[in-house]
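Here's a short walk through a two-chain model, one piece at a time. Have the structure open as you read.

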Amino acid sequence: MDTKKTSLYQLHQDSKAKFVEFAGYQMPIQYSEGIVEEHKFTRNHSGIFDVSHMGQLFIYGQEDLVDDLERIFPLDLKNLKLNHSKYSFLMSDNAGIYDDLIITKIKDGFLIILNAACKESDYKILKRLLNDKYKMILDEERSLIAIQGPKSVEILKSVIQGVENLNFMSGNWFTLDDYNIYVTRSGYTGEDGFEVSLTNEFADKFTRRLIDKGAKLIGLGARDTLRLEAGLCLYGHELSKDKTPVEANLKWAISKERILKGNFIGSDIITKQLNNGVSKIRVGIKPEGRIIAREKTKIYNETDLEIGEITSGTFGPSVNGPVAMGYVENEFSKKNTKIFLEVRGKKHPATICGLPFYKKSYVKGVI
Amino acid sequence: MSEVKFSKEHEWIKLDGDIATIGITKHATEMLGDIVFAELPEKGSNVEKDGTAGVVESTKAASDVYTPVSGEVVDLNQSIVDDPSKINQDPESSAWFFKLKIKDKSEMDTLMNKAEYDKFAKESSA
């Protein structure tokens with residue numbers, strides 16, 4: 001199968017992107033300045049991310065759609081206000097995670113943002129679970145552009161007036177050059193920012209306007225270091241079909257109201273795990289010194305017993321040191337527990353730590 | 001002062017008497033991206049031609065550093081361990097990796113000169 005290109009492909013090329021194939025798309029891994037500079041620019045200024053490879057699934061329906069979706073997602077969708085968003089998961093019967101997603105209540109239905117690698121199968125699963133009752137569009141005609149970092153609100157508001165009034169995890173429709181644009185205040189970098197859904201034919205022109213206002217394109221490489229410093233999970237690494245939301249330490253995303261009532265896919269396992277605990281759990285890990293522990297690095301306790309595995313590890317440019325996440329046996333998951341990471345045959349000391357690694361200070365940065 | 005030679009693993013080597021200074025090429029740093037970690041061989045250890053003699057890691061991945069000739073490690077550049085970004089800034093000069101007391105100077109003959117390496121690097125990244 002040929003790899004797909006997003007509507008910003010030409011712009012990426014013009015901006016000297018290095019490309020990588022990701023989930024069937026040609027995506028920019030970095031531009032000429034490199035991952036560290038791109039990362040810091042996002043933290044201090046404003047970075048633009050082409051996330052058009054992600055799925056934008058529109059499902060249209062009324063009250064019965066809300067009921068049906070509540071049987072799928074562990075969310076209190078009845079009380080989700082118009083244009084408000086929630087982070088959630090599509091789960092299997094045994095609460096394994098098929099995908100993590102953002103669901104937003106829109107007029108006449110819901111918009112669900114899905115991971116690129118999962119979107120086609122999510123669509124099929126949801127269509128089956130909803131018995132083909134509702135109009136569902138996995139919209140390939142729309143691009144998704146994220147703008148993240150402390151200067152993003154100023155920059156985006158100079159292009160689309162009114163976005164500054166959006167609260168975190170809420171959105172609205174705006175009109176620009178006669179195009180309908182859906183903007184949410186959200187993102188996946190640990191920074192204030194927005195995600196902008198707009199028609200493909202306007203994506204290039206719109207993004208160039210953000211660049212003219214001082215924002216810069218940022219590749220998937222820095223997106224990964226940013227989300228890891230922010231302690232956020234990446235599907236295929238921290239999250240997979242063999243992990244449940246409780247094991248992934250994401251129980252905050254499960255509605256308490258819904259836990260009491262159950263009756264959603266995977267609720268039996270979720271309830272059991274919330275009551276009895278889990279054997280393995282996701283934690284933050286801070287290696288000592290500069291050693292980088294990549295995915296699949298084995299984790300040992302102080303008596304040399306294997307207790308888990310790293311799921312993501314890199315160098316955090318804002319932390320100025322290595323950072324990692326992984327799963328360890330529950331009894332070793334307490335903060336400040338000393339552990340060892342086996343890198344190139346040698347065991348290196350590290351510590352279990354709280355997440356995120358990087359917390360916004362809200363002090364205006366200067367480049 | 002002899003000419004600088006290059007290996008297919010993207011190391012450069014400069015010989016001064018029987019002391020060889022070794023580092024990684026600018027081309028290698030461009031392929032790797034931002035280097036955030038460097039590990040060097042032990043001082044006093046003996047390394048064999050084409051054997052591993054260190055590690056560099058970028059934000060993306062880890063790569064072994066090989067030695068293009070055999071010899072005893074006589075000096076290390078600690079400054080690149082303390083600040084690996086120096087490798088991106090000045091790879092072919094101040095950001096050298098280690099110095100060897102070379103065992104067999106004829107090993108230098110198997111390596112490429114600048115023109116040969118530039119052609120090799122261009123072809124291998126195409």
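## The open sheet of chain B

In this predicted model, chain B has an open sheet of 6 strands, ordered β1-β2-β3-β9-β8-β5, with antiparallel pairing. At the edges stand β1 (4-6) and β5 (46-47) of chain B; each has a single partner strand, so one side of each is left without a neighbour in the sheet.

Further in, take a look at β8 and β9. Strand β8 (residues 71-76) of chain B pairs with strand β9 (residues 98-102) of chain B in the antiparallel sense, over 5 bridges. Along that pairing, B:D75 sits opposite B:K99 in β9(B).

## Chain B as a whole

Chain B carries 4 helices and 9 strands. Reading from the N terminus, its elements go β-β-β-α-β-β-β-β-β-α-α-β-α. With 126 residues, chain B has a radius of gyration of 13 Å, close to the 14 Å from the globule rule, so it is as compact as a globular protein of that length.

The C-alpha atoms of chain B fill a box of roughly 35 × 35 × 25 Å along the principal axes. Of its 126 residues, 40% count as buried. As for how the chain folds back on itself, 61% of the contacts in chain B with a separation of 6 or more come from residues 24 or more positions apart.

## Where the chains meet

The contact between the chains draws 9 residues from chain B and 12 residues from chain A. On the chain B side, β4 (35-39) and β6 (52-58) each supply at least two of the residues that touch chain A. Sorted by class, that side of chain B has 4 nonpolar, 2 polar and 3 charged residues.

## The barrel and the helix across it

Chain A also has a closed barrel of 6 strands, running β14-β17-β16-β15-β18-β19 with antiparallel pairing. Neighbouring strands there are turned by 45° against each other on average, direction ignored. One of the pairings joins strand β15 (residues 298-300) of chain A to strand β16 (residues 306-316) of chain A, antiparallel over 3 bridges. Within it, A:K298 has A:E309 in β16(A) as its bridge partner.

Helix α7 turns up again here: in chain A, α7 (residues 220-229) lies across β16 and β17 (321-329), running at about 125° to β16(A).

## A loop residue, A:E141

A:E141 sits in the loop between β8 (135-138) and β9 (142-148) of chain A. Is A:E141 buried or exposed? It is exposed, because 10 other C-beta atoms lie within 10 Å of its own, and the cut-off for exposed is 12 or fewer.

Leaving aside neighbours within four places in sequence, A:E141 is in contact with A:T199 and A:N200. Its C-alpha atom is also 9.5 Å from that of A:Q56, a residue 85 residues away along the chain.

Terms used: Residues are numbered from 1 along each chain as its sequence is written. Chains are lettered from A and ligands numbered from 1 in the order in which they are written. This is a predicted model: local features need pLDDT of at least 70, side-chain atom pairs count only at pLDDT 80 or more; totals for chains, interfaces and linings use all residues. Two strands pair if DSSP finds at least two bridges between them. Axes are lines fitted to C-alpha atoms, for helices over the stretch in contact, and angles run from 0 to 180 degrees between N-to-C directions. Two residues are in contact if their C-beta atoms, placed from the backbone, lie within 7 Å. Ala, Val, Leu, Ile, Met, Phe, Trp, Tyr, Cys and Pro count as nonpolar, Asp, Glu, Lys and Arg as charged, and the others, Gly among them, as polar. A residue is buried if 20 or more other C-beta atoms lie within 10 Å of its own, exposed if 12 or fewer, and partly exposed in between; C-beta atoms are placed from the backbone. The radius of gyration is taken over C-alpha atoms; the globule rule is 2.2 Å times the number of residues to the power 0.38.
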